[in-house]
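Here is a note for a colleague who is opening this entry for the first time. Please read the points in order.

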Amino acid sequence: RAPAGALGQAVGAPVIITSGVRCEERNEEVGGVAWSFHKRGAAADLYSPGVPVGTLAALAKDCGLNVLPYYSSGYVHVEI
C-alpha cells in the first residue's frame, strides 16, 4: 500500500480522485462490475491535470498500486 501522498509527491502535481468508495446503486449507475473494488473501498479513479495517463499509471505502479489505465477516458483506476 502506498503511503498517503506518495503518488502526489511522485507526480509533483495535484492528483484528483473522481470516484472512490461506491455503494451498490452508484456502482451500477456508472457501469461498474459486480466485483468492483470500489464497493470495498479499495479502489479509486483519478487523474492529474496535464499529466498523461501513461505517465500517471507508471508512477502509480511505482508507488505499489495495482493500475488499470483508461487512456481514451483520461483517467487511471488504482487498487490497493
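1. Basis. This is a predicted model, in which local features need pLDDT of at least 70, side-chain atom pairs count only at pLDDT 80 or more, and totals for chains, interfaces and linings use all residues. Residues are numbered from 1 along each chain as its sequence is written, and side-chain values use heavy atoms, with hydrogens and water left out.

2. Elements. Three helices and four strands make up the secondary structure of the chain. Their order along the sequence is α-β-α-β-α-β-β. Helices (H or I, at least four residues) and strands (E, at least two) are DSSP runs, numbered from the N terminus.

3. Overall dimensions. The C-alpha trace spans about 35 × 25 × 15 Å along its principal axes. The radius of gyration of the chain is 12 Å, which agrees with the value near 12 Å for a compact globule of 80 residues. That radius is taken over C-alpha atoms, and the globule rule is 2.2 Å times the number of residues to the power 0.38.

4. Of the 80 residues in the chain, 31% are buried. Buried means under 20% relative accessible area, exposed over 50%, and partly exposed in between (1.4 Å probe, protein chains only). Among contacts with a separation of 6 or more, 53% join residues 24 or more positions apart; a contact means heavy atoms within 4.5 Å.

5. Core. The largest nonpolar core holds 13 residues, and those with the most contacts inside it are Leu7, Leu46, Leu56, Ala60, Leu65, Val76 and Val78. At least two residues each come from helix H1 (6-11), strand S2 (43-47), helix H3 (53-62) and S4. H3 gives the most, with four residues. A nonpolar core is a set of buried Ala, Val, Leu, Ile, Met, Phe, Trp, Tyr and Cys residues joined through side-chain atoms within 4.5 Å.

6. Leu7. This residue lies in helix H1 and counts as buried because its relative accessibility is 9%. Apart from residues up to four places away in sequence, Leu7 touches Val15, Leu46, Leu56, Leu59, Ala60, Cys63 and Leu65. Leu7 and Ala60 are 53 residues apart along the chain, yet 6.0 Å separates their C-alpha atoms.

7. Val15. One of the residues that Leu7 touches is Val15, which sits in the loop between H1 and strand S1 (16-19). Val15 counts as partly exposed, at 25% relative accessibility. With residues up to four places away in sequence not counted, Val15 touches Leu7, Gly8, Leu46, Tyr47 and Ser48. From Val15 to Val51, 36 residues along the chain, the C-alpha separation is 9.5 Å.

8. Second largest pocket. About 230 Å³ of space lies in this pocket. It is lined by 15 residues, of which Arg22, Val33, His38, Tyr70 and His77 are the closest to its centre. Strand S3 (66-70) and strand S4 (75-79) are the elements that give two or more residues to the lining, and the largest share, three residues, comes from S4. The lining divides into seven nonpolar, five polar and three charged residues.

9. Terms for the pocket. On a 1 Å grid over the protein atoms alone, a cavity is a set of points where a 1.4 Å probe fits but cannot get out, and a pocket is an open set with protein on both sides within 12 Å along at least five of seven lines; lining residues have an atom within 4 Å of a point. Grid points are joined across faces, edges and corners, and a volume is the space filled by probe spheres set on the points. Ala, Val, Leu, Ile, Met, Phe, Trp, Tyr, Cys and Pro count as nonpolar, Asp, Glu, Lys and Arg as charged, and the others, Gly among them, as polar.

10. Is Asn27 buried or exposed? Asn27 counts as buried, at 1% relative accessibility, and lies in helix H2 (residues 24-29). Leaving aside neighbours within four places in sequence, Asn27 is in contact with Arg22, Gly32, Val33, Ser36 and Lys39. Arg40, in the loop between H2 and S2, is exposed, with a relative accessible area of 57%. Arg40 and Asn27 are 13 residues apart in sequence and 11 Å apart in space, C-alpha to C-alpha.

11. Gly74. The loop between S3 and S4 holds Gly74, which counts as partly exposed at 35% relative accessibility.
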